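Q: Please take a close look at the salt bridges of this model, and at the parts of the chain around them. I would like to follow how the pieces connect, step by step.

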Amino acid sequence: MNYDLNIFSSLDELSEYFTEVFGSLVNAAKEKFNLALSGGSTPKYIFNYLAAHDKTKVRWGKINVFWGDERCVPLIDNESNYKMAYETLLSKVPIIKENIFRIKGEANPLDEAIRYSNLLRAKVIVENNFPRFDFIMLGLGEDGHIASIFPNQMNLLASDKICQVAIHPESKQKRVTLTGEVINNARNVAFIVTGKAKSKIVNEILNKNINAAKYPAGFINPIDGNLIWLLDEDAASLLKGN
Ligand code: 6PG
């Protein structure tokens with residue numbers, strides 16, 4: 001597994017680096033830039049940072065925005081990943097509203113997984129049988145999940161579908177998520193991880209510990225793309241000395 005590992009002493013430094021990397025990839029793209037956003041608290045921090053610090057440098061007009069996963073809740077629910085991204089970032093930057101393609105959390109999950117799969121097939125270039133995103137942002141769950149692929153549904157990693165319905169193992173909340181093959185087909189995947197609670201999993205994955213195979217995150221390895229890890233010192237704390 002080839003990856004680029006970056007460790008930061010603060011979330012602001014991490015966000016600044018993310019802004020630079022993301023901005024240069026967007027600006028260098030010849031045509032549309034297909035982006036998949038993540039939910040979660042670290043992405044939320046970065047969205048706020050991006051909105052406050054880079055209104056003009058990033059060529060927002062080139063971006064098509066999609067999501068890696070959505071919780072099956074009404075649009076006004078605070079659990080909605082779309083709502084979070086809209087309030088923190090998308091409503092604040094000059095992104096073209098017609099280029100925002102949300103997963104409808106309020107719809108029937110099975111129908112929505114099919115609708116969103118078809119939408120992605122139509123809007124994002126298809127290579128190796130799957131849409132090829134320019135950039136997928138990923139958080140890491142404390143149980144090793146990515147997007148909404150949880151350890152109890154490892155079958156979603158190798159699914160031949162683009163999107164599937166997932167069920168959160170504890171809350172039983174339904175989600176619609178990209179599958180593992182779509183994530184590994186991206187040009188760039190950024191893992192953004194903060195906090196001590198995730199340090200054990202980060203270490204196991206990056207040091208190829210046998211336990212890595214238990215976590216969906218352990219399978220993320222773009223077939224023909226770049227993998228970037230952005231960690232704070234807490235998340236990286238168990239890596240030191242290895
Ligand atoms: C979601 C996410 C999920 C998230 C991780 C990390 O909708 O829940 O897309 O994969 O990124 O759970 O979340 P935190 O940054 O809040 O730990």
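**Salt bridges and their surroundings**

A: Glu112 and Arg115 form a salt bridge, with their closest N and O atoms 2.7 Å apart; the term stands for a side-chain nitrogen of Lys or Arg within 4 Å of a carboxyl oxygen of Asp or Glu. The model is predicted, so local features need pLDDT of at least 70 and side-chain atom pairs count only at pLDDT 80 or more, while totals for chains, interfaces and linings use all residues. Residues are numbered from 1 along each chain as its sequence is written, and side-chain values use heavy atoms, with hydrogens and water left out.

Because Glu112 and Arg115 are three residues apart in helix 4 (residues 109-123), about one helical turn separates them. Helices (H or I, at least four residues) and strands (E, at least two) are DSSP runs numbered from the N terminus. Glu112 has a relative accessibility of 2% and therefore counts as buried, whereas Arg115, at 30%, is partly exposed; buried means under 20% relative accessible area, exposed over 50%, and partly exposed in between (1.4 Å probe, protein chains only).

By the salt-bridge rule, the count comes to ten. Another of them joins the side chains of Glu204 and Lys200, at 3.2 Å from N to O, and because these two residues are four places apart in helix 6, about one helical turn lies between them. Glu204 is buried, with a relative accessible area of 6%, while Lys200 is partly exposed at 46%. Elsewhere, salt bridges that share partners join Glu127, Arg132 and Asp224 into one network.

Leaving aside its neighbours within four places in sequence, Asn185 is in contact (heavy atoms within 4.5 Å) with Glu127, Asn128, Phe130, Pro131, Arg132 and Ile223. A polar atom of the Asn185 side chain lies 3.2 Å from the backbone oxygen of Pro131, and Asn185 counts as buried because its relative accessibility is 1%.

A further salt bridge brings together the side chains of Arg175 and Asp69, at 3.8 Å from N to O. This pair links distant parts of the chain, since Arg175 belongs to strand 9 (residues 174-178) and Asp69 to strand 4, 106 residues apart. Both Arg175 and Asp69 are buried.

Strand 4 (69-71) takes us to helix 3, whose buried residues pack against strand 4 and also against strand 2 (33-37), helix 2 (41-53) and strand 3 (63-67). The buried residues of helix 3 are Asn81, Tyr82, Lys83, Met84, Ala85, Thr88, Leu89 and Leu90. Because eight of the ten residues of helix 3 (residues 81-90) are buried, the helix is largely enclosed by the rest of the structure. At the start of helix 3, a side-chain oxygen of Ser80 comes to within 3.3 Å of the backbone nitrogen of Tyr82.

Methods: A polar contact is a pair of N or O atoms within 3.5 Å; within protein, one must be able to donate a hydrogen and the other to accept it, and residues adjacent in sequence count only if both atoms are side-chain atoms.
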